[in-house]
Amino acid sequence: MSKLSLAGLFLLQAVVAGAAEPYASWKLDGSYAAGGSQPLRMGPVGTPSFDDAGVSGKCVRLDNAASGQGMRVVLGEFRTATDLTFTAWVRFTTQEGGFSDTAPHNIVRFWGKTPEGQAAVLDLRVRDGVMDVYYTNPARNLQAGNLAVPVGQWVFVAVVVEGDSLSIVLNDARRSFPIAGPQSYETMTVGTVAQGSRRGVNGWMDEVSLYDEALSPEELGLLYRQGREALANGAGAAGGGR
Ligand SMILES: [Ca+2]
């Protein structure tokens, strides 16, 4: 197959799959500026740097071996969304305190409330080289996943909440679990647990997006392939290394 027809196939695939529109997205190309249909404001936790090449353009470097770094987003109107999808690209360093640590290191945490107003938390996290999800709600707790994270490589990650089902995605692998049902989310911390916490990503993050709907496996697969394509065409691996 020629390159031209291959490109045509990708285009057709994109049209058929119908690329979902993010509620908000952050390219992290040197700033925290958001795009999307309802841009939300992202603020830094600590002082992450933007010196390295990412999946596309620059990315954010989080040093959670030495200091608590990440991003924080107040979800505002988004809190009313019960179905949601979070996607990002992450690359953990292999150094101590970031990957093979036995303490959980958060990729994202949603701080929320049940309909009864009780505190609820949803974490996508890596512990000892394995990604899992931690969901705590007075009606049901969940700690499950067990997806091995490739060392030192960019990986596509996602969390999908659809009604009483929760799924986590690592590249093209997916695991789904039952949860307690709708709850609203008020704040999202990315790459960290909270202000000043070192239990976050020690490495790089890029292309963070938030959707107010549950993306299908096909839509997530498309995002994964698009990211892989961007990495393959990579404009500069300077500093980032691949
Ligand atoms: Ca970027």
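Strands β7 and β14 (residues 184–190) pair in the antiparallel sense, and six bridges link them. Within this pairing, K113 lies opposite S184 of β14. The model described here is a predicted one.

One of the residue pairs is V108 with L124, the latter being the bridge partner in β8. The two strands form a hairpin with five residues between them, and in this hairpin G117 adopts a positive phi near 85°.

Strand β8 is in turn joined to strand β9 (residues 130–136) by seven bridges, and these two strands run antiparallel. Here V121 stands across from T136 of β9. A hairpin is formed by β8 and β9 as well, with two residues between the strands. Its turn contains D128, for which phi is positive, at about 50°.

These pairings belong to an open sheet of seven strands, in which the order is β3-β5-β14-β7-β8-β9-β10 and the pairing is antiparallel. At the edges of the sheet are β3 (42–45) and β10 (142–148), each of which pairs on one side only. From one strand to the next, the twist averages 20°. In a regular strand, side chains alternate between the two faces of the sheet.

T82 counts as partly exposed because 18 C-beta neighbours lie inside 10 Å, whereas a buried residue would need 20 or more. The C-alpha atom of T82 is separated by 6.1 Å from that of Q183, although the two residues are 101 residues apart along the chain.

Helix α2 covers residues 217–232 and has 16 residues. From its first C-alpha to its last it reaches 22 Å, close to the 22 Å expected at 1.5 Å a residue. The buried residues of α2 include the leucines L220, L222, L223 and L231. E219, Y224 and G227 of the helix are also buried.

Definitions and conventions. Residues numbered from 1 in each chain as written. Predicted model: local features only at pLDDT ≥ 70, side-chain atom pairs only at ≥ 80, totals over all residues. Helix = DSSP H or I, 4+ residues; strand = E, 2+ residues; numbered from the N terminus. Expected span 1.5 Å × (residues − 1). Buried ≥ 20, exposed ≤ 12 C-beta atoms within 10 Å, placed from the backbone. Pairing = 2+ DSSP bridges. Axes fitted to C-alpha atoms, helices over the stretch in contact; angles between N-to-C directions.
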